[in-house]
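Open the model in your viewer and keep the sequence panel beside it. The stops below can be selected one after another.

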Amino acid sequence: MARTRLVAGNWKMHGSRETIRALLDAIVAVVDAAGAQCAICPPFPYLAQVAERLRGTAIAWGAQNVAEHAQGAYTGEVSAAMLAEFGCRYVIVGHSERRQLYGETDAQVAAKFAAARKAGLTPILCVGETLAERDAGRTTEVVARQLGAVAFTAGVVAYEPVWAIGTGRNATPEQAQEVHAFLRERLPRDTPILYGGSVKPQNAAAIFAMPDVDGGLIGGASLVAADFLAILRAAAGAKR
Ligand code: PGA
């Protein structure tokens, strides 16, 4: 089975020119030996710095958000075509923080996904249930709704249980596998399905060993070069 193994770093709203320079230097120095595909998603102002530093390396870069509209009077927004023009490859769409803190609806997420695809970007579509939804036995219903809202032709999916994001409480490998298998049945063959939510060097190998886990979307641990590289190696070395 030749599904792409991908590890993407979601830096969220962290970093400065100096910390990003140091982080990239450490990652670029060894990443070619790490073996899995790798992408980094910094905050918008640092995209140019990251793109410049990654030119000629095997590491791709992406944005954390994109406008659902092509252009126009949308103050503060950034279009998919603008990102594509600068060599952007990935864009995170529908992250739970966007859904919860900024009220993004399934319809908006679908429009952002379509806009990204139209511009030639690879969307990383995030789906995942809250703790209340899991406790109510609604996990598959919720992720099916979030996925079903999108006209998914091609891209990457990230299963990110909301209760596991930034909490230090990751899903067990079995919990991740169960949802990944459910998503797999509803997606085009060969769609990479990443797990996200408190992935650390200590738990990455066990999660990536699951048959339907193709890599990870990494938040906190992607800000620490040694941790991110260890997670990349776990993805490259995982046997399934
Ligand atoms: P975390 O974040 O690894 O810090 O839990 C993951 C994400 O939000 O993409």
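Select the ligand and the residues around it: 13 residues surround the ligand, and the closest are Lys12, His95, Glu160, Gly166 and Ser198. A residue counts as near a molecule or strand if one of its heavy atoms lies within 4 Å of it. This is a predicted model, in which local features need pLDDT of at least 70 and side-chain atom pairs count only at pLDDT 80 or more, while totals for chains, interfaces and linings use all residues. Residues are numbered from 1 along each chain as its sequence is written, and side-chain values use heavy atoms, with hydrogens and water left out.

Stay with the ligand and display its oxygen atoms. A polar side-chain atom of Lys12 lies 2.8 Å from an oxygen atom of the ligand. Of the 280 Å² of accessible area that the ligand has on its own, the protein covers 97%. Accessible areas come from the Shrake-Rupley method with a 1.4 Å probe, and for residues only the protein chains shown count as cover.

Next, select strand β4, residues 90-93. Helices (H or I, at least four residues) and strands (E, at least two) are DSSP runs, numbered from the N terminus. Buried means under 20% relative accessible area, exposed over 50%, and partly exposed in between (1.4 Å probe, protein chains only).

Strand β3 (residues 59-63) runs parallel to β4 and is joined to it by two bridges, with Val91 as the bridge partner of Ala63. Strand β5 (residues 122-127) is also parallel to β4, with four bridges, and Thr122 in β5 stands opposite Tyr90.

Now show helix α3 (residues 80-85), which forms a right-handed β-α-β unit with β3 and β4. Right-handed means that, with the strands pointing away from the viewer, the path from the first strand over the helix to the second runs clockwise.

The loop between β3 and α3 holds two stops, Asn65 and Ser79. Asn65 is buried, at a relative accessible area of 12%. Its side chain makes a polar contact of 2.8 Å with the side chain of Lys112. A polar contact is a pair of N or O atoms within 3.5 Å; within protein, one must be able to donate a hydrogen and the other to accept it, and residues adjacent in sequence count only if both atoms are side-chain atoms. Ser79 counts as buried because its relative accessibility is 6%, and its side chain reaches the backbone nitrogen of Met82 at 3.1 Å.

Move to Gly94, in the loop between β4 and α4 (96-101). Gly94 is buried, with 4% relative accessibility. Leaving aside neighbours within four places in sequence, Gly94 is in contact (heavy atoms within 4.5 Å) with Arg99, Glu104, Val109 and Cys126.

Finish at Arg55, in the loop between α2 (47-54) and β3. Arg55 counts as exposed because its relative accessibility is 61%. Its side chain joins that of Glu52 in a polar contact of 3.1 Å.

Key
Two strands pair if DSSP finds at least two bridges between them.
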